[in-house]
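Keep the structure open while reading.

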Amino acid sequence: MAVCKPIFIKGKFWGYATALYKEKRLFKPTFNKLDKLGYNYRLSKTFITGGGYQPLSSNLLAKSKSEITFRLGGCSWKMEAARKDAGQMPQEVKSGIFSGIFTVVINTILTALLLNYLEQGRRLAKAVDTDYLTSVMSRQAFDRDVSKYLEKHKGEPSVGALIDSDDFKYINDLYGHDAGYVALKTFAKVLEDNFGELGKVCRNGGDEFAVTGLMTGRSFLPTGN
């Protein structure tokens, strides 16, 4: 089962955050609890391609009078259950117990599913907004947020700069790309130390960076080596 969430950057559709869940793994805790409580069960669902309910997992041989249906992932689901000692307990009592337990279990599953879905979206949004190598802002996030930042501090003295590392190619040629990565990370750290609390720092790509920040009477001189 797949759950998709659309992602928009600067008001334009960018793509989907997709969370995939294995159906048997998703409902396994429910099956275990029903078994411990003395119930046989049958979980069935419909498919987008059509057709009636098809069993996914079952240890229930006879037809059950206790069932509940719900919608999830664009399909209809049906859970049926019957006590293993069916016939020894009144139907009303059996149905009441099953309905109560099943409602709690389903609510727990749906809550966990929603929290997982929101966390997946948060991680994807963070990955889009952060440069994978230096951990400063990505260009997309900088372009989106810099106007809001300057508008918030409208009328206050500020500074902005586009920075290109001269002869960076020689570092890669002489010492290898690993050394180049270290150089970029170190340079990004210097920029964050000087601008991070006052403004925003991003990596445009390659060895190019962009910064903006407020002028507070301090000098924006590198503090690193």
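**Contacts of D145**

Leaving aside neighbours within four places in sequence, D145 touches M137 and K200. The model is predicted.

**D145 in its helix**
- D145 sits in helix α3, which spans residues 139-152.
- D145 is buried because its relative accessibility is 18%, and the cut-off for buried is under 20%.
- A polar contact of 2.9 Å joins the side chain of D145 to the side chain of R144.
- Salt bridges link D145, R144 and D129 in a network.

**The R144–D129 salt bridge**
- The whole structure holds seven salt bridges.
- One of them pairs R144 with D129, with 3.1 Å between the closest N and O atoms.
- This pair links distant parts of the chain: R144 belongs to helix α3 and D129 to helix α2 (residues 91-129), 15 residues apart.
- R144 counts as partly exposed, at 25% relative accessibility.
- D129 is also partly exposed, with a relative accessible area of 23%.

**The R203–D131 salt bridge**
- R203 and D131 meet through their side chains in a salt bridge of 3.2 Å, N to O.
- This pair, too, links distant parts of the chain, 72 residues apart.
- R203 lies in strand β9 (residues 199-205), while D131 lies in the loop between α2 and β7 (137-138).
- Both R203 and D131 are buried.

**The R139–D143 salt bridge**
- R139 and D143 form a salt bridge, their closest N and O atoms 3.7 Å apart.
- Both residues lie in helix α3, four residues apart, or about one turn of the helix.
- R139 is partly exposed at 47% relative accessibility.
- D143 is partly exposed at 33% relative accessibility.

**The four-stranded sheet**
- Four strands make an open sheet in the order β4-β3-β6-β5, and the pairing is antiparallel.
- β4 (54-58) and β5 (66-72) are the edge strands, each pairing on one side only.
- On average, neighbouring strands of this sheet are turned by 25 degrees against each other, direction ignored.
- Strand β3 (residues 39-45) runs antiparallel to β4, and four bridges join the two.
- L43 has S57 in β4 as its bridge partner.
- In general, strands of a sheet pair through backbone hydrogen bonds, either parallel or antiparallel.

Notes:
Residues are numbered from 1 along each chain as its sequence is written. This is a predicted model: local features need pLDDT of at least 70, side-chain atom pairs count only at pLDDT 80 or more; totals for chains, interfaces and linings use all residues. Side-chain values use heavy atoms; hydrogens and water are left out. Buried means under 20% relative accessible area, exposed over 50%, partly exposed in between (1.4 Å probe, protein chains only). A polar contact is a pair of N or O atoms within 3.5 Å; within protein, one must be able to donate a hydrogen and the other to accept it, and residues adjacent in sequence count only if both atoms are side-chain atoms. Contact means heavy atoms within 4.5 Å. Two strands pair if DSSP finds at least two bridges between them. Axes are lines fitted to C-alpha atoms, for helices over the stretch in contact, and angles run from 0 to 180 degrees between N-to-C directions. A salt bridge is a side-chain nitrogen of Lys or Arg within 4 Å of a carboxyl oxygen of Asp or Glu.
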